[in-house]
Amino acid sequence: MSAQVKLSVNGSLVEVPAGASVAAAIAQLTTQFRRSVSGTHRAPLCGMGVCFECRVQVDGVAHVRACMTPVSEGMQVITDA
Amino acid sequence: MPDRYDVLVVGAGPAGLAAAQTAAAHGARVGLLDAQPRPGGQVWRHDVRHQAPRAAREAIAKLQGVDVLASHSVVAVESSALRVETAEGGRLISYGSLILATGARELLLPFPGWTLPGITGAGGLQALTKQGWPVAGKRVVIAGSGPLLLAAADTLRKHGAQVLGIYEQAPAASVHAFARQLRHWPARALQAIGLRVRLAGVPYRFGSFVRRAQGSDSVQRVDIDTPTGTQTVECDLLAVGYGLVPNTELAQLLGCAMDYLGPHPHVGVDRLLRTSMGGVYAAGEAGGIGGLAVARLEGAMAAHIATGHSVAAHALAPQRDRERRFGALLARHFALDPRLHALGDDSTMVCRCEDVTLGDLNGFTDARAAKLATRCGMGACQGRICGTALAELGRFPRSGARPPIFPARLATLAGLTTLPSDDAYRGS
């Protein structure tokens with residue numbers, strides 16, 4: 001078992017193993033990552049950086065693919081759901 | 001980090017790893033680019049809880065002398081150079097030879113309810129799980145087609161998921177005929193037997209596919225068509241993937257000629273993996289779905305050729321040809337049931353980026369006209385999901401690649417030295 005990393009998702013503290021993705025950290029709290037242009041909730045589909053359904057705000061940067069981004073200590077993640 | 005490599009490899013999966021290692025062993029200065037943060041690609045993706053297979057660990061450990069350029073997304077091409085984006089900004093990396101090992105993605109087809117959270121690709125859920133997605137205790141339905149479904153189920157079970165069933169669209173007769181052929185491929189037969197033993201107790205149904213999914217905030221129920229009628233299964237997660245399609249966007253941008261087997265393009269190569277563009281080679285899934293063994297052999301072959309060692313490349317060709325035959329066997333026995341083309345109705349979303357339904361596209365016969373009228377394919381995924389699905393459904397082929405091939409920051413694009421003219425890409 002690897003070390004744990006603590007980060008914030010929508011203001012809540014989340015703890016996941018080092019090397020986990022931001023997507024995995026968000027999924028501890030919610031299955032809703034973003035809202036589509038017509039307002040429906042969306043979550044990761046492809047898991048490999050192709051579909052962009054998992055995009056969220058990470059440390060102030062918008063449209064970051066959560067599935068491709070490893071967590072880091074103290075990271076601030078905000079979903080649009 | 002230098003900005004010029006003798007051999008630049010795009011994609012750090014099995015093909016790219018073999019290519020980089022082989023080229024470095026010939027003394028070339030090698031760069032290995034990947035959009036993901038760690039090497040391994042999809043099949044050898046790092047698992048936060050379990051050790052990678054030995055072959056993967058060895059391939060990654062043998063990268064001495066290779067610059068591993070992780071989290072580097074290629075967004076555009078210039079003269080013998082690629083414009084890439086990293087978290088730190090844009091870079092231009094030039095090359096003597098370029099090896100495309102861009103791999104494949106899953107074929108995902110629209111069905112009623114498929115945009116609900118909790119519904120992913122089959123390989124998609126496997127990838128998410130390896131990176132810590134919480135699946136322990138979750139009830140999971142796995143559906144779609146091909147041996148990847150079994151591999152996904154195995155990973156999910158290792159991470160504590162309760163796999164309710166694996167639903168393969170190919171009919172039982174076809175899957176059994178495939179299994180009988182495995183006697184000619186002993187290593188694969190052993191692998192298949194190992195998977196079946198580990199998945200003992202998990203129902204594996206044939207001639208079955210997901211008809212629709214329902215739920216409020218996320219998926220809760222799935223209707224599955226089986227040869228004996230429709231079953232409704234309550235679940236927490238649905239993983240459904242209909243096989244793989246090659247990633248060809250970068251090759252198309254470079255001007256490489258495409259070949260088609262069915263509706264999806266793959267990079268056209270000769271027996272020694274040379275594309276139609278001088279100094280550009282394609283190895284592994286980019287040149288047609290062939291699997292792990294093909295990828296490793298072709299990665300090495302492409303690097304031999306790119307560094308002028310054609311005898312070594314020729315020596316691997318017969319083994320590669322044999323492994324490519326396995327890919328053809330898979331394609332034949334797991335061919336998609338035409339009923340899968342009619343799962344969606346007029347109200348089913350097809351372009352998930354711009355929320356365009358199948359009904360919105362009635363009457364359109366080409367991607368460009370559909371795009372102009374409905375925005376279909378104009379979102380962040382650039383038609384990778386909907387364009388591929390629409391091609392599979394027989395609506396119209398996906399339009400050609402245009403730069404940037406992934407959404408990029410303005411600062412990255414501002415660094416482009418050659419601005420592409422719109423005319424150069426019109427109609428392609």
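The crossing of helix 3 and helix 4 of chain B is left-handed, a crossing being left-handed if the near helix is turned anticlockwise from the far one by less than a right angle, and right-handed if clockwise. The structure is a predicted model, in which local features need pLDDT of at least 70, side-chain atom pairs count only at pLDDT 80 or more, and totals for chains, interfaces and linings use all residues. Residues are numbered from 1 along each chain as its sequence is written, and chains are lettered from A and ligands numbered from 1 in the order in which they are written.

In chain B, the axes of helix 3 (residues 122–130) and helix 4 (residues 148–158) come within 9 Å and cross at roughly 25°. Helix 3 of chain B is therefore roughly parallel to helix 4 of chain B (angles under 35 degrees count as roughly parallel, over 145 as roughly antiparallel, 65 to 115 as roughly perpendicular and the rest as oblique). Among the residues making the contact are B:L125 and B:T129 of helix 3 and B:L148 and B:A152 of helix 4; residues are in contact if their C-beta atoms, placed from the backbone, lie within 7 Å. By class, this helix contact has seven nonpolar, four polar and one charged residues. Ala, Val, Leu, Ile, Met, Phe, Trp, Tyr, Cys and Pro count as nonpolar, Asp, Glu, Lys and Arg as charged, and the others, Gly among them, as polar.

The domain assignment of chain B gives domain 1 (4–105 + 245–331), domain 2 (108–242) and domain 3 (345–396 + 405–425). The C-alpha centres of domain 1 and domain 3 of chain B lie 26 Å apart. Their contact takes 17 residues from domain 1 and 14 residues from domain 3. On the domain 1 side, strand 4 of chain B gives the most, with five residues, and the residues of this side divide into eight nonpolar, four polar and five charged.

B:V43 is found in the chain B loop between strand 2 (30–33) and helix 2 (54–61). B:V43 counts as buried because 21 C-beta neighbours lie inside 10 Å (buried, 20 or more other C-beta atoms within 10 Å; exposed, 12 or fewer; partly exposed, in between; C-beta atoms placed from the backbone). Not counting residues up to four places away in sequence, B:V43 touches B:G13, B:P14 and B:L292.

Between the chains, the contact takes 34 residues from chain A and 34 residues from chain B. The chain A side has 18 nonpolar, 13 polar and three charged residues.

Methods
Helix = DSSP H or I, 4+ residues; strand = E, 2+ residues; numbered from the N terminus. Contact = placed C-beta atoms within 7 Å. Axes fitted to C-alpha atoms, helices over the stretch in contact; angles between N-to-C directions. Domains from an automatic or database assignment.
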